[in-house]
Amino acid sequence: MLPLTNHSIIEGKDLSIMCNATPGNPSKSMFFWTKDPTFRQNGSTLQLPKIKRNSSGSYRCTVENSYSIGGKGSDKKDMTIVVFCKY
């Protein structure tokens, strides 16, 4: 998985961050983003439209790949988003 970069953004802007990984074997991978026990977003792209200050924090991108013998491989990368007040 490629490294993620921390981001700073002004409140009210749209933020979109792509999580990239080298395909495994089999090449079908599942991506999801988490922030805390209540936030989960599926897909390789984190979409935070009209971001709010309470969206600041540490986000984790996880990629999982299942293989034929019932096992699962995974990798995780963390990054931080800081949201500044627009005033």
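Tutor: Helices (H or I, at least four residues) and strands (E, at least two) are DSSP runs, numbered from the N terminus. This is a predicted model, where local features need pLDDT of at least 70 and side-chain atom pairs count only at pLDDT 80 or more, while totals for chains, interfaces and linings use all residues. Residues are numbered from 1 along each chain as its sequence is written, and side-chain values use heavy atoms, with hydrogens and water left out.

Student: What secondary structure does the chain come to?

Tutor: The count is 0 helices and 7 strands. From the N terminus on, that reads β-β-β-β-β-β-β.

Student: How do you know that E6 and E7 pair?

Tutor: Two strands pair if DSSP finds at least two bridges between them. Here 10 bridges join E6 to E7, and the two run antiparallel, so they meet the rule.

Student: Why is Val-82 called partly exposed?

Tutor: Buried means under 20% relative accessible area, exposed means over 50%, and partly exposed is in between (1.4 Å probe, protein chains only). Val-82 has 33%, so partly exposed is the word for it. You'll find Val-82 in strand E7 (residues 72-84).

Student: What makes Ile-10, Val-82 and Phe-84 a patch?

Tutor: Like charges are joined within 9 Å, and nonpolar side chains (Val, Leu, Ile, Met, Phe, Trp, Tyr) within 5 Å. Val-82, at 33%, is over the 30% limit. Together the three form a nonpolar surface patch with about 250 Å² of accessible area, by the Shrake-Rupley method with a 1.4 Å probe, counting only the protein chains shown as cover for residues.

Student: What is meant by a nonpolar core, and which residues have the most contacts inside the largest one?

Tutor: A core is a set of buried Ala, Val, Leu, Ile, Met, Phe, Trp, Tyr and Cys residues joined through side-chain atoms within 4.5 Å. The largest has 16 residues, and Trp-33, Leu-46, Met-79 and Ile-81 have the most contacts inside it. Strands E2 (15-18), E3 (30-34), E5 (45-48), E6 (57-66) and E7 each supply at least two of its residues.

Conventions:
Salt bridge = Lys/Arg side-chain N within 4 Å of Asp/Glu carboxyl O.
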